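Subject: Structure for your files

Hello,

Here is the structure I said I would pass on.

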Amino acid sequence: MIFHYLFAFLFLVLGENFLVDGLGCNWGTRATHPLPGNIVVKLMKDNGFNKVKLFEADPRALQALGRSGIQVMVGIPNDMLAPLAASVSAAEEWVSKNVSYYLSSKGVDIRYVAVGNEPFLKTYNNKFTRTAFPALQNIQAALIKAGLGRDVKATIPLNADVYETDAGVPSGGNFRADIHDLMISIVKFLDNNGAPFTVNIYPFLSLYADPHFPVEYAFFDGTSSPVVDGSITYTNVFDANYDTLVSALEKNGFPSMPIIIGEVGWPTDGDPNAKMEFARRFNQGLLNRISQGQGTPKRPSPPDIYLFSLIDEDAKSIDPGNFERHWGVFYFDGTIKYPLKLSNNRNLTAAKGVRYLARQWCIMAPDANLMDPNLPQNITFACTYADCTSLGYGSSCGGLDARNNASYAFNMYYQTMNQQKGACDQFHGLSIITKIDPSYRGGSCKYEIMIDTGRHEKATNPGTSSAGKMHTTFVFVSFLLALIIFCVS
Ligand SMILES: *[C@@H]1O[C@H](CO)[C@@H](O)[C@H](O)[C@H]1NC(C)=O
Ligand SMILES: *[C@@H]1O[C@H](CO)[C@@H](O)[C@H](O)[C@H]1NC(C)=O
Ligand SMILES: *[C@@H]1O[C@H](CO)[C@@H](O)[C@H](O)[C@H]1NC(C)=O
Ligand SMILES: *[C@@H]1O[C@H](CO)[C@@H](O)[C@H](O)[C@H]1NC(C)=O
């Protein structure tokens, strides 16, 4: 009997730990002014992210993650799949330089290698269909040869478009017909190596792609038009999508294959549906489910989830849409976009110690003429080299008048060029520097000032986590308490 209490107590303590610590994020580094690695790592720890996914073996990110206690999934970009598929020794080199080295010399807790990123996406037109699986096999073989076969698992983050359902309900799920056999080979291989299936699920993109998509179905707080699938009622597209994958795996003989959500999130700018209110609602709903230990109808325990994304990236390709540069829970500089409740009722914490360029902006000169024939070309120039995705229709600066619009573009260029001398003089006398913040009053448009990356160069790695130590102490004290209770009774 008393053992029940003991176990219940320990379970509470450890279970709590699982809930507090069980959250991952993606850390993309396609930014003109990347937040320094040590600040990003601190930001993750302050907000309870204990897992991170990187899109490539970025040396600065990996250095900063050394001895941080954060588990790492390190990615391989699609353009490296062909060489890695073609050569076992290239894969061995990759593992040696980008996994073994960081594990043993830098104390980076690498747990997964993500081979490619959504390589079978329909829009890639089979560009990586023949290389992704052989690259996975070569990386796996290299991991085994390096003695890491048990500790580091290789997986392929796939877009949810690798499966589909003819019946329109999750139970009809199966792998996409054109890659069905390939998918079965990959799943079998992952299963043989004890590796998980990794999938990216984006309710935002469902909404973006289909103007008739029922908005409420994208979120976790109920809908008037649920999807009924036999005895199961689906109230949100995330559950339905995930369970479509579970059905596809079941149908092909892998009912208990572990699944990781490699990316899930909601952007805040660059599209009318990419707004703060929706992003907060989606991400808060997702976090609540994680801290309540809630899974989907077919898989009741929650999967490992990597939020997309931690911070905005102003140099990301906008082929998919202007929203691509605005997926962060935080802005590019680690400031908070909207409130979120983390587990333990904690609020988000902003990045600390960020250094900025001087408080000055480049704007359209008050005496410059809006009819100046140079203006359109000069705005286009500014927006070619700087990020103007917030100026689009339905975006945070989409409501500016022509003058403020030009100012926004000039300023983005000026900041992106590190406020260099002359950067604001390039626009044929149409622009001037001001020390008065031009941020649009009453609106959501922010005229940014960039991070002073030069002043951050000497940043050093943070020490070991005091939170980690405190937790160990907490578990130990709890265990002693439980023992005392046991002895007394
Ligand atoms: C390690 O990864 C980086 C970043 O993707 C890449 O540039 C480099 O070529 C890799 N090293 C080897 C030996 O493959
Ligand atoms: C979190 O923020 C809210 C306001 O958004 C505040 O009322 C609350 O006290 C904060 N909670 C903690 C634990 O700081
Ligand atoms: C601004 O426009 C003028 C006239 O089209 C052009 O000569 C000049 O190069 C432009 N400046 C930039 C930075 O594009
Ligand atoms: C603002 O600038 C953007 C980017 O050049 C352009 O697409 C948009 O039409 C402009 N809007 C106004 C009101 O001038």
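The notes below go from the whole chain to single residues.

This is a predicted model, in which local features need pLDDT of at least 70, side-chain atom pairs count only at pLDDT 80 or more, and totals for chains, interfaces and linings use all residues. Residues are numbered from 1 along each chain as its sequence is written, while chains are lettered from A and ligands numbered from 1 in the order in which they are written.

Overall. The protein has 14 helices and 15 strands (DSSP runs, H or I of at least four residues for helices and E of at least two for strands, numbered from the N terminus). Of its 489 residues, 42% are buried (20 or more other C-beta atoms within 10 Å of the residue's own; exposed is 12 or fewer, partly exposed in between, with C-beta atoms placed from the backbone).

Helix H9. This helix covers residues 237-251 and reaches 21 Å from first C-alpha to last, close to the 21 Å expected (1.5 Å times one less than the number of residues). In H9, 13 of the 15 residues are buried. Glycine 253 follows H9 and has a positive phi, near 95°.

Ligands. Around ligand 1 are Glu56, Ala57, Pro77, Glu93, Trp94, Lys97 and Asn98 (C-beta, placed from the backbone, within 6 Å). That shell has three nonpolar, one polar and three charged residues (Ala, Val, Leu, Ile, Met, Phe, Trp, Tyr, Cys and Pro count as nonpolar, Asp, Glu, Lys and Arg as charged, the others, Gly among them, as polar). Ligand 3 has Asn374, Gln377, Asn378, Phe381, Gln426, Phe427 and His428 around it; by class, two are nonpolar, five polar and none charged.

Backbone points to check. Most residues other than glycine have a negative phi, and most peptide bonds are trans. Asparagine 125 has a positive phi of about 50°, and asparagine 126 has one near 65°. Asparagine 125 is exposed, with 8 other C-beta atoms within 10 Å. The peptide bond from phenylalanine 308 to serine 309 is cis, with omega near 10°.

Regards
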